[in-house]
Amino acid sequence: MHTESVIIKGKYLDSVKLMLISKEMRSQTGVSDAVAIMATPENLAILQATGMMVNGIDTADPADICIGVVAETEDIASQVIDLARDRIAKGFASGAESSAAESKPRTIDSALRIMPRANLTLISVAGKYAAREARKALSRGLHVMLFSDNVSIEAERELKEYALSRGLLMMGADCGTAIINGIPLAFANQVRCGNIGIVSAAGTGLQEVSCLIHNKGCGISQAFGTGGRDGKKQIGGLMLMACLQYLIDDADTKVIVLISKVPDQEVMDQIWSMIATTAKPAVVALMVPFAPPPLKNVHPAPNLAAAAVLACRLATGDQTLIGNGKGQNGDIYPNRKLITLPREPKRVRLCALYSGGTLSYEAQVIYHQKMDRYAYSNAPLEPSYRIDGLTESMEDVILDLGADEFTVGRLHPMIDYALRVKVIEDFSKREDTGVILLDVVLGFGSHPAPQEELAPVISKVITEHGVVVICTVVGTDEDPQNRSQVIAALKASGAVVTGSNAEACEIAMSIIQTLRRS
Amino acid sequence: MELKNKPVGTLSINALDKDIQVINIGLKSFADTLRSVKTPVVEVDWQPPATTDLKALAVLDRHQDTIDKANEKVMQIIQSGKPLLLGLDIARNVIPGMHNDLILHAGPPVTWERMCGSMRGAIIGAILYEGKAQTIEEAQHLAGSGDLEFAPCYEYDSVGPMAGIVTASMPVFIVRNQTYDNYAYCTQNEGLGKVLRYGAYQPEVIERLRWMEQILYPCLDRAIRSLGSIDLGNLIAQALQMGDEVHNRNRAGTSLLFRHLAPALIRTMKDTEDTAKVLEFINGNDHFFLNLSMPAAKSILDAAKGIDHSSIVLTMARNGTDFGVRLAGTGDAWFTGKAPIPDALYFPGYSKEDANPDIGDSSITETAGWGGFAIASAPAIVQFVGGKASDAMRYTRSMYEICAGESRYYQIPSLDFRGTPLGIDIRKVIENDLTPFIDTGVAHKDPGIGQIGAGVVQAPIEPFNLAMTGLADTLSKE
């Protein structure tokens with residue numbers, strides 16, 4: 001027989017709990033007797049009387065817990081002592097309180113207590129507080145998607161440097177969309193999993209490309225958003241490059257798509273250097289046509305739709321896939337000959353009302369290419385083409401209604417269609433409006449049934465004013481809104497619905513060219 | 001093409017976990033989306049920080065590691081405090097710096113002019129008790145004359161409930177933190193009703209104080225010293241499991257103390273009737289133990305004074321005018337705000353109109369993790385917080401949100417013996433916009449009347465904001 005004793009200084013447990021611990025100790029195999037008890041004089045006397053006064057216990061103070069074991073071997077004795085120590089340290093059941101009973105977490109730390117294995121934080125609080133929350137999340141080892149805007153570029157740089165020093169994603173600020181492991185974050189679409197990896201510094205650009213990839217039957221490995229400023233000199237492309245490297249290394253990614261407005265030259269050079277290190281094909285869309293470096297695996301895409309098609313071709317090896325027509329998954333191809341043009345000769349102007357910033361940008365680029373001049377916009381390609389708000393313009397306008405000036409005190413136009421419905425009506429009443437161009441962005445977070453808002457006003461303005469309404473629907477049939485249903489309803493209202501934004505722009509521009517020639 | 005720049009090798013992201021689990025802070029719809037695709041998500045009920053001094057907040061953020069380290073040290077010290085009751089003595093003999101013209105009071109420093117009614121009343125009573133004046137008018141005159149020195153108990157290793165008046169002739173309990181060899185002192189509890197600590201100064205109040213000095217004190221002192229010492233930590237741990245939170249409910253603590261004392265009082269007695277009266281007095285005063293739980297807390301917390309950079313609160317104290325806070329990391333600086341009027345249950349005939357703003361050093365118990373922080377331990381007084389045991393549990397749970405840790409020693413039965421919330425971290429107070437929750441008695445605003453109710457009070461945010469700025473100042477100076 002082996003006896004062992006331990007004194008735990010200054011720890012109080014009530015006698016019932018100590019008895020339960022003693023019982024558990026005694027129930028272990030090879031233990032002939034065991035006790036855990038407060039070392040009060042009375043208790044020590046009991047131990048003495050019952051022959052459990054193991055050596056050493058007698059030196060304990062009344063405020064100590066003493067543990068004694070009589071066991072067959074030394075090993076068993078020390079195991080049982082350890083067991084008792086553990087039970088006493090936990091206050092027997094401390095921390096076992098059910099998490100459901102926890103009060104609602106008010107901080108990241110208390111959320112982590114409820115979900116200790118959390119690995120990503122999605123932050124959308126007011127900008128002036130957002131960077132702090134992001135830093136806290138990163139310091140706890142969590143990836144961050146920062147949806148909030150109004151974060152200073154210095155803070156963004158600092159956050160991204162800190163994140164990368166810890167091997168973490170820091171998507172944003174102002175990152176509206178990402179798909180991680182197939183899970184849609186913020187304004188994202190339900191997209192099939194697959195082998196095309198995307199890194200995008202353009203929110204709706206990511207939505208457009210990922211949806212088109214899905215609609216052509218392919219899928220996404222990861223779709224990282226970086227926030228629109230990542231390619232700027234001040235950020236230095238930190239997250240674009242880190243995500244690019246991730247996709248290069250990622251075994252699930254066969255084809256890489258990089259989407260950004262033209263980044264800072266140094267950033268661009270580094271990106272090319274990185275692409276040069278991999279054999280994986282990389283589709284690069286910079287929103288404008290550009291001269292690619294002489295790298296075999298770089299595939300320049302002039303626009304978002306082209307990027308999606310190129311990626312799908314590379315992923316499937318099917319070179320017959322084309323941009324706007326013959327995809328197998330509900331792609332649409334409006335017959336231009338069937339479009340009814342406005343009868344009134346004055347109706348020759350374009351009015352494009354976008355909810356997606358990148359889509360509005362792309363529309364302006366295409367406009368510039370086709371029309372050889374700039375469109376007017378609240379977010380123009382050329383500063384001198386800026387118009388403020390909805391001021392009357394006798395020119396073609398391409399507006400981003402998701403820009404700050406339109407969202408003050410109002411929900412984003414992807415969620416709330418009231419502003420667009422009103423602007424569609426107002427612009428249609430003007431005698432020179434010929435074509436109205438709209439994006440309808442589906443997916444999580446967006447309006448649950450945009451066709452219900454749009455169809456009535458579309459059929460009204462077509463009937464009353466004879467304008468042409470062209471819609472591009474960004475989404476998939478897996479989205480909560482169901483792309484096919486939305487398209488069917490819009491078509492029924494008389495709208496021309498296209499398979500991509502680029503296609504919608506092409507059609508819109510060619511119609512106004514036709515109208516102006518005649 | 002010439003590739004000028006090599007890719008930067010350090011820019012890498014760790015392989016993503018297979019299962020994404022998300023903490024959502026902000027728009028609720030994003031969490032709804034995640035739930036709809038069966039992704040685990042926890043929503044943070046986010047509030048903007050309670051401060052407009054975002055600069056100070058940024059300083060604390062930048063020094064997070066330094067502060068965390070300092071706090072760890074503070075927590076280690078607080079966790080290992082071991083308060084023992086050694087006996088009693090007359091204040092002038094034991095409290096360092098005590099002298100005949102010094103009057104100690106509760107809370108942060110306050111001048112006679114700014115003192116509330118009940119504190120003025122208590123000072124008048126103390127002057128009469130000390131024999132420095134014969135009439136109330138004389139006492140009032142003396143108090144305002146500038147001949148007497150007023151100072152916080154806190155700055156003299158002492159604590160006092162309510163007005164917290166300590167003068168040179170008053171007997172005080174001597175509590176020693178055995179681990180760190182520091183001392184704390186507190187007067188004997190007078191009971192309820194018309195008592196000095198609530199600002200009453202009638203003849204019967206002074207008479208009771210004299211009896212406490214002449215009979216209670218020597219009897220208790222002999223008994224305690226005959227025992228060697230009494231382990232207050234142990235009694236408090238037990239009391240928390242017997243329905244006390246050792247601030248507003250001290251029935252179990254007083255009973256436990258009584259059991260320790262009774263045989264010792266008998267053995268050391270000189271006069272049967274006196275001894276019987278002493279036992280009756282303790283038995284008749286459920287709050288007797290409060291004046292021991294307070295110096296116990298004080299001795300535990302004081303051991304952590306002067307740990308630079310720590311954001312842990314070591315002092316919360318009120319003087320009926322101001323609510324004061326001190327941090328381990330900001331030395332002797334007081335950060336104060338207006339003392340709030342407690343939310344209370346009033347004795348018949350009284351209402352909030354009559355209430356004095358919050359007063360007393362007894363919030364030292366909350367600072368040590370008891371009192372309001374442990375109200376889930378005290379089902380008998382949940383009527384102060386809404387009447388249901390679940391309300392009390394909610395209050396206690398919310399206090400974990402502003403604390404650096406949980407006690408390893410003091411536990412709450414109704415929370416499955418979870419340790420009490422311990423170590424108020426001002427960063428978390430600001431972050432959560434949630435201030436400590438304090439159990440309290442309510443004094444009448446006029447001197448001489450006494451207690452009119454009991455209830456709870458939420459500490460004002462102002463002193464915590466100032467403390468944050470103060471801590472940020474010390475950090476940015478380096």
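1. V246(B) counts as buried because 32 C-beta neighbours lie inside 10 Å. A residue is called buried if 20 or more other C-beta atoms lie within 10 Å of its own, exposed if 12 or fewer, and partly exposed in between, with C-beta atoms placed from the backbone. V246(B) is found in the loop between α8 and α9 (251-267) of chain B. Although V246(B) is not a glycine, its phi is positive, at about 55°.

2. The model is predicted: local features need pLDDT of at least 70, side-chain atom pairs count only at pLDDT 80 or more, and totals for chains, interfaces and linings use all residues. Residues are numbered from 1 along each chain as its sequence is written, while chains are lettered from A and ligands numbered from 1 in the order in which they are written.

3. Chain B as a whole has 15 helices and 17 strands. Helices (H or I, at least four residues) and strands (E, at least two) are DSSP runs, numbered from the N terminus. Of the 478 residues in chain B, 59% are buried. Along the principal axes, the C-alpha atoms of chain B fill a box of roughly 105 × 45 × 45 Å.

4. Strand β3 (residues 83-90) of chain B is joined to strand β6 (residues 171-177) of chain B by seven bridges, and the two run antiparallel. Two strands pair if DSSP finds at least two bridges between them. Within this pairing, L85(B) has V175(B) as its bridge partner. β3(B) also pairs in the antiparallel sense with strand β8 (residues 230-231) of chain B, over two bridges; there, L84(B) is partnered by D231(B).

5. What is the setting of R92(B), buried or partly exposed? R92(B) counts as partly exposed, because it has 15 C-beta neighbours inside 10 Å. R92(B) belongs to helix α4 (residues 91-94) of chain B. Leaving aside residues up to four places away in sequence, R92(B) touches M98(B), H99(B), A168(B) and S169(B). Two residues are in contact if their C-beta atoms, placed from the backbone, lie within 7 Å.

6. The contact between the chains takes 65 residues from chain A and 55 residues from chain B. The side of chain B that touches chain A has 23 nonpolar, 19 polar and 13 charged residues. Here Ala, Val, Leu, Ile, Met, Phe, Trp, Tyr, Cys and Pro count as nonpolar, Asp, Glu, Lys and Arg as charged, and the others, Gly among them, as polar. Four bridges join strand β4 (residues 120-123) of chain A to β1(B), and these strands run parallel. T121(A) has I23(B) as its bridge partner in β1(B).

7. The peptide bond from G172(A) to A173(A) is cis, with omega near 10°, and A173(A) lies in the loop between β6 (170-171) and β7 (177-180) of chain A. N181(A), in the loop between β7 and β8 (183-186) of chain A, has a positive phi near 50° and is a residue other than glycine. With 16 C-beta neighbours inside 10 Å, N181(A) counts as partly exposed.
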